[in-house]
Amino acid sequence: VDTSRWYHEGLDYVVEYEIMNGITENCFAPNENITRGMVMTILYRMASSPEVTGGSPYTDVAENRYFSQAVAWAAEQGIATGYPDGTFRPNQPVTRQELVTFYWRYANLAGCDMTISQGASLAEYRDGDSKEAMLWAVDTGLIRGVDANTLAPNGTASRAMAATMLYRMVV
């Protein structure tokens, strides 16, 4: 991890509070794609790893994986849903829009203020859309464009992005 990079503060936070771990004992991999299973694990830890009443409803989430309890919890809470074929696809990379949506649902569940400023808009971004979660994330400063005019909602989110956005959400 390069301490001079934009993501350093966020990574310090998630590691210190044991919300995210490295992919190995000595490697955080900030530029690696974050997956659906990783995001559910992060949010589960943010919620203090509550007891889960049942197993995962998804055919591709086996017991005893690092994300198994987190995915079952996220399904119970409505934070994440699976696909029509009954799968969750825990190893699938997450887009920036999906990450924002997961954080938005978690923030709502956690009782955070979900107010969007009157007049908030994504008009300055050529690829901005009117999805409420993205509007909330931009309005609250959770997410920023990849440049002055581009949000890249369909771009893949990295582990560093996930950590930085989470840091912005809680501080």
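Colleague: What makes R89 and D85 a salt bridge?

Modeller: Bear in mind that this is a predicted model. The closest N and O atoms of R89 and D85 are 3.4 Å apart. The cut-off is a Lys or Arg side-chain nitrogen within 4 Å of an Asp or Glu carboxyl oxygen, so the R89–D85 pair counts as a salt bridge.

Colleague: Why is R89 called partly exposed?

Modeller: R89 has 32% relative accessibility. Buried means under 20% and exposed means over 50%, so R89 falls in between and is partly exposed.

Colleague: And what about D85, with its relative accessible area of 49%?

Modeller: Exposed needs over 50%, so at 49% D85 is still partly exposed.

Colleague: How do you know what radius of gyration to expect for a compact globule with 171 residues?

Modeller: The rule is 2.2 Å times the number of residues to the power 0.38. For 171 residues that gives a value near 16 Å, and the protein chain has 16 Å, so the two agree. Along its principal axes, the C-alpha trace spans about 45 × 35 × 30 Å.

Colleague: Which residues of helix α1 are buried?

Modeller: In α1, residues 8–16, they are H8, G10, L11, Y13 and V14. Their cover includes α6 (159–170). After α1 comes E18, with a positive phi near 55°.

Key: Residues numbered from 1 in each chain as written. Predicted model: local features only at pLDDT ≥ 70, side-chain atom pairs only at ≥ 80, totals over all residues. Heavy atoms only, no water. Buried < 20%, exposed > 50% of the residue type's maximum accessible area, 1.4 Å probe, protein only. Helix = DSSP H or I, 4+ residues; strand = E, 2+ residues; numbered from the N terminus. Contact = heavy atoms within 4.5 Å.
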